[in-house]
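Thanks for coming, everyone. Let me put today's model on the screen, and then we'll go through its pockets and one of its helices.

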Amino acid sequence: MESELSVRDVLTTEYVGVSESDTVQDAVTLMREEHTGCVLVVRGANPVGIMTEWDVLGLVAAGRDPAETTVGEAMTAPVISIDPARSVTDAATIMARENIRNLVVERDTELRGVVTQRDVIAAAGSFQATMTPPRTTDPESSAVADQDRGDERLAATTPRGELDTQAQLQPNGGDEYSTQGVCESCGSLADELWDANGQLVCTDCRTV
C-alpha cells in the first residue's frame, strides 16, 4: 500500500521574500514577475507575515494606495506554519480550518519553504492517479460488463407492463408457460399459454 504524501514531498522551497518596509506596489510587481500568489515577509531569516493576492485586493477595495502602503501594514500575521513531516492531508485540514491558502513550512525554527493550496490539490490528484487500479482488459470480464450494460439499456427502454409480463413467462419444461394471459391468436383469456411458432397461444389454438 502506498504511504501518504508528506508536506516535504510537495512544498515550494524557492519562495519569494520581501521586507515589512517594502511598498505593496513593489511587492505586487515582484509577485507578477515571479508568477506567485503570495510573498513571505521576513525579518532577517524569520518569517513574520505573509501577503497574498487577497490581502492586496482587500487593500484596494478599502481605497488605500498600494504605492503608499507598506507590506507590514497589509500582511497577514502571524504566519501559520507546519512541519515538513506532516501529511498533505494535515496541511489541507489546517488550511480549511484557518481559511487560508498558504502555510509556512518550518522545522526547529528553520524556514524550509511554503506549501500552497495549489500544491495540495496537485498532490492529491497525482496521488489518486497512482492509487486508481487500471481498467481490466480481460475479454470475459468485458463481455460480462457489456451484457450488463445491454440489460440495463433494455430495462430502461421496455414498458413496465411488458417487463412484468416477461418476468412471469418462465419456462416450465418444454414449451408450456405457467402463466395466465391473453392468447395472441384468438384474443381470449387462457389459464395456460403455449409457445407455437413464436406466439403465446391458448390450448385450443395450439391444436389447430
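The largest pocket has a volume of about 450 Å³. A pocket here is an open set of points on a 1 Å grid over the protein atoms alone, where a 1.4 Å probe fits, with protein on both sides within 12 Å along at least five of seven lines. Grid points are joined across faces, edges and corners, and the volume is the space filled by probe spheres set on the points.

Some ground rules. This is a predicted model, where local features need pLDDT of at least 70 and side-chain atom pairs count only at pLDDT 80 or more, while totals for chains, interfaces and linings use all residues. Residues are numbered from 1 along each chain as its sequence is written, and side-chain values use heavy atoms, with hydrogens and water left out.

Back to the largest pocket. Its lining has 22 residues; lining means having an atom within 4 Å of a point. Nearest the centre lie T36, G37, C38, N102 and T116. Which elements each supply at least two residues of that lining? They are β2 (38–43), β3 (46–52), α3 (53–61), β6 (110–116) and α6 (117–131). Helices (H or I, at least four residues) and strands (E, at least two) are DSSP runs, numbered from the N terminus. By type, the lining splits into eight nonpolar, eight polar and six charged residues. Ala, Val, Leu, Ile, Met, Phe, Trp, Tyr, Cys and Pro count as nonpolar, Asp, Glu, Lys and Arg as charged, and the others, Gly among them, as polar.

Next, the second largest pocket, at about 310 Å³. It is lined by 14 residues, and T52, N99, I100, R101 and N102 are the closest to its centre. β3, α3 and β5 (102–107) each give at least two residues to this lining. Here the count is seven nonpolar, five polar and two charged.

Just after α5, N99 has a positive phi of about 55 degrees. Buried means under 20% relative accessible area, exposed over 50%, with a 1.4 Å probe and protein chains only.

Last, the whole chain. It has nine helices and eleven strands. Of its 208 residues, 30% are buried. Questions, please.
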